[in-house]
Amino acid sequence: MDTTMLEVHAFATPNSVKVPIALEEMGLDYRLVPVNLRQGEQKTDAFKAMNPSAKVPVLIDRSVPEDGGVVLGESAAILVYLAEKTGQLLPKDGIRRGKVFEQLFFHASGLSPAFLHAFLVAIQSSPQPEARARALAEVDRTLGVLDQALEHHRYVAGDAYSIADIAHFGWVWRHQAIGATLDKFPAVARWYAEISARPAVVRAIAKTLALAQ
């Protein structure tokens with residue numbers, strides 16, 4: 001497998017960081033291409049040709065000969081693609097695989113929207129206290145769901161580290177930026193500390209943050 005053909009178009013965002021984390025964990029070579037959201041580069045015709053939703057990240061896998069390679073958006077879809085490509089961080093079948101997808105779908109439908117909404121409220125020039133409180137209440141609700149799962153298992157989908165952990169970590173990594181705290185969620189705090197210390201995660205965060213410098 002030619003792993004030098006992987007290209008990630010990204011910026012220093014919670015969704016972007018998930019892909020470098022997965023690639024670092026999987027031991028794959030890749031190239032990060034900055035897409036400066038502050039300058040609106042995600043709205044250019046060239047970028048929207050890759051992802052009409054005008055969102056980062058986008059993965060390009062040029063090792064696939066069909067149609068010039070794979071172009072894929074949506075961070076969860078990218079995580080699944082890379083896991084299936086490498087056979088890593090996603091069980092092959094059975095309930096363990098189902099539990100990973102359960103967490104991925106909860107992330108897409110629950111935790112990620114809650115964190116995104118709270119972030120958008122937090123960056124308003126004059127956020128309304130009521131709106132901020134409602135947004136953080138939904139963040140706490142989703143963190144409570146995650147905490148219950150982590151009370152019984154080391155990782156979010158069971159006893160094995162998976163792409164579901166990477167998906168959740170992307171947004172939980174930014175909990176302080178939205179004014180949230182993990183104090184009420186000891187299992188999440190334990191999990192977050194462990195994931196944050198993984199060498200692959202440390203490397204991926206540093207590379208992702210450098211995109212905004």
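Phenylalanine 169 and tyrosine 192 are both buried, where buried means under 20% relative accessible area, exposed means over 50%, and partly exposed lies in between (1.4 Å probe, protein chains only). Before I continue, please note that this is a predicted model, in which local features need pLDDT of at least 70, side-chain atom pairs count only at pLDDT 80 or more, and totals for chains, interfaces and linings use all residues. Residues are numbered from 1 along each chain as its sequence is written, and side-chain values use heavy atoms, with hydrogens and water left out.

Let me begin with the rings. A pair of aromatic rings is described by the distance of the centres and the angle of the planes. Rings of Phe, Tyr and Trp (its six-membered ring) pair if their centres lie within 6.5 Å; planes under 30 degrees apart count as stacked, over 60 as edge-to-face and the rest as tilted. By this rule there are six aromatic pairs. One of them joins phenylalanine 169 and tyrosine 192, which are stacked at 5.4 Å centre to centre with 20° between the planes. Phenylalanine 169 belongs to helix 6 and tyrosine 192 to helix 7 (residues 186–196), so the pair ties together parts that are 23 residues apart in sequence. Helices (H or I, at least four residues) and strands (E, at least two) are DSSP runs, numbered from the N terminus. Ring pairs also link Phe115, Phe119 and Trp171 into a cluster.

I turn now to the sheet. In what order do the four strands of the open sheet stand? The order is 2-1-3-4, with mixed pairing; two strands pair if DSSP finds at least two bridges between them. Strand 2 (31–34) and strand 4 (70–73) are at the edges with a single partner strand each, so one side of each has no neighbour in the sheet. From one strand to the next, the twist averages 20°.

Strand 1 (residues 6–10) runs parallel to strand 2, and four bridges join them. Here glutamate 7 stands opposite arginine 31, and valine 8 stands opposite leucine 32. Four bridges also join strand 1 to strand 3, and these two run antiparallel; histidine 9 stands opposite valine 58 in strand 3. Five of the five residues of strand 1 are buried, so this strand is largely enclosed by the rest of the structure. Leu6, Val8 and Ala10 lie on one side, and Glu7 and His9 on the other.

Helix 3 lies across strand 3 (58–61) and strand 4, at about 135° to strand 4. Axes are lines fitted to C-alpha atoms, for helices over the stretch in contact, and angles run from 0 to 180 degrees between N-to-C directions. Contact means heavy atoms within 4.5 Å.

Next comes helix 4. Where is its kink of about 50° centred? The kink is centred on histidine 107, the bend at a residue being the angle between axes fitted to the seven residues ending there and the seven starting there. Histidine 107 is among the buried residues of helix 4, which also include Phe106, Gly110 and Phe115. What covers these buried residues includes helix 1 (14–26), helix 3 (75–86), helix 5 (129–152) and helix 6 (163–172).

Finally, leucine 150 is found in helix 5 and counts as buried, at 3% relative accessibility. Leucine 150 touches residues including Tyr155, Val188 and Trp191. The C-alpha atoms of leucine 150 and tryptophan 191 are 7.5 Å apart, although 41 residues separate the two along the chain.

Definitions and conventions: Lists of a residue's contacts leave out its neighbours within four places in sequence.
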